Amino acid sequence: MTSAPADPRGLDLERLRGHLDRARPGLVAGALRGRLIEGGRSNLTYEITDGTARWVVRRPPLGHVLATAHDMRREHRIIEALHGTAVPVPEPLLLCEDEAVLGAPFYVMEFVDGVPYRTAEQLAAIGPERTRRAVLGLVDTLVDLHAVDPEAVGLGDFGRPGGFLDRQLRRWGKQLAASRGRELAGIDELHGALGRTLPDSPAPTVVHGDFRLDNVLIGGSPSGTDTIRAVLDWEMSTLGDPLTDLGLLVMYSSDLGLTGSPVSTTSGAPGHPTPAEIVERYAARSGRDTGAIAWYTAFAWFKLAVILEGIHYRYTLGQTVGAGFDRIGELVPVFIEHGLTTLQDRQDRQEG
C-alpha cells in the first residue's frame, strides 16, 4: 500500500485545495501535489500541480518574520500592476491574507517555464551568442520596467521616492551596525564616502531592488530565440532611483577576481557583455544620464558587503548552517575593496 506524498513544510495541500476551490471554483481539477523550489533567499516558493496544470505559491519564511520584509500583499500588488505591461511577470491568480489557511498570508500565480541562470558556468554551457543575448535582454527588460508610469498602473503610492538614496544609505548603515562582530577595514570609509558624494537622482520609477540574471526566467519564444519569460522576486521593490537597479546589475556583471567563491557573478561566461556595454545599452535605450553610475555601483558593492557580513555574523553565532557559509566572511573585504576602488576611479576621472 502506497502512502500519500508528504506536504512540503509550510504548505498544507489539503487546506490550500479547499481555499482554492472556494476562491477560484474550477481552477483545480484533482488532488494537489507540491514541492519547494530551491534557490530562494527569503520568501518560500512552491510549485503545485493537480496533474494537469501547474501554479506557484509564495509565502513568508517559517517562524518569526518582519512584516515589511515579507509582505505578500505588496508582492502580489506589484505583479498584478505590471501584468499586461511590457514587463514580463507571472499572472497573479489570488492573494490570501487569512493565516488560518497556511499559517501566513500567501499568493498564487501562474507557473512560467524558464531557466534562472545563476552562474557563469551555466551560461558557458549555452554558448557566447545566447549568453550575450540573454544579458542584453535583461538590460532591455530593466529599461521597460523603468519606463512604466507608476500612476498609470496604480502604483503612485508604492513608495517614498523623496530622499531615496539618503534613506537607503542610512538603512544599510544600520544593518551594518547590527552585524558588527569584527573589525572591517575600509567599511566605514566606504559608507562615509558614499554619503559625501550622493548624486542627484533622476525622476523616480518602479525599482525592483534585486535585479539580476538569476531573478528572471529565460526560455524559448515562438521565434526560437531566448527571451525573458518572467521577472521574479519583487519583495524589495518600491518607487525610487532607477539607477540603483542598474548599479546592482553592473556589480553582478563585474569580475570578483576569486575562484571557487560561494558568491559569484556571471561575468566570466564567454560572450557576457562588459559592465561598460551594459551601461551603454541602458543609457541608449532609456535616455537617462548614467554619468554617475560609478556611485551606484559602489553602493551596490557596499550593500552586498553588509548583507554578506550579516550572514557571516549569524554563522559565527551558530545560527546558519549549510555548505559555503564558512567562506562568506573572507569575501566581505573583497566587496569593500571593490566599492572603494570604484569610488576612487570615479573621483580620479572627475579630477582628470
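This is a predicted model: local features need pLDDT of at least 70, side-chain atom pairs count only at pLDDT 80 or more; totals for chains, interfaces and linings use all residues.

Visitor: How many residues does the largest nonpolar core have, and which have the most contacts inside it?

Guide: A nonpolar core is a set of buried Ala, Val, Leu, Ile, Met, Phe, Trp, Tyr and Cys residues joined through side-chain atoms within 4.5 Å, where buried means under 20% relative accessible area, exposed over 50% and partly exposed in between, with a 1.4 Å probe and protein chains only. Here the largest such core has 78 residues, and Leu-194, Trp-234, Phe-302 and Phe-335 have the most contacts inside it. Its largest share, 13 residues, is supplied by helix H10, residues 293–316, helices being DSSP runs (H or I, at least four residues) numbered from the N terminus. A second, separate core of 18 residues includes Leu-32, Leu-44, Trp-55 and Leu-94.

Visitor: What does Leu-194 touch, beyond residues up to four places away in sequence?

Guide: Contact means heavy atoms within 4.5 Å, and on that basis Leu-194 touches Leu-169, Trp-295, Ala-298, Phe-299, Phe-302 and Leu-343.

Visitor: At what angle do H6 and H10 pack?

Guide: Axes are lines fitted to C-alpha atoms, for helices over the stretch in contact, and angles run from 0 to 180 degrees between N-to-C directions. Helix H6 (residues 164–178) packs against H10 at about 25°, with the axes 9 Å apart. That makes the two helices roughly parallel, a label for angles under 35 degrees, whereas over 145 is roughly antiparallel, 65 to 115 roughly perpendicular and the rest oblique. Among the residues that meet are Leu-169 and Trp-172 in H6, and Phe-299 and Phe-302 in H10.

Visitor: Is His-272 buried or exposed?

Guide: His-272 is buried, its relative accessible area being 11%, although it lies in the loop between helix H8 (243–252) and helix H9 (275–286). Its contacts, not counting residues up to four places away in sequence, include Leu-123, Val-135 and Ile-278.

Visitor: Where is Leu-340 found?

Guide: Leu-340 is found in helix H11, residues 328–351, and counts as buried at 18% relative accessibility. Leaving aside neighbours within four places in sequence, Leu-340 is in contact with Gly-186, Glu-189 and Leu-190.

Note on methods: Residues are numbered from 1 along each chain as its sequence is written. Side-chain values use heavy atoms; hydrogens and water are left out.
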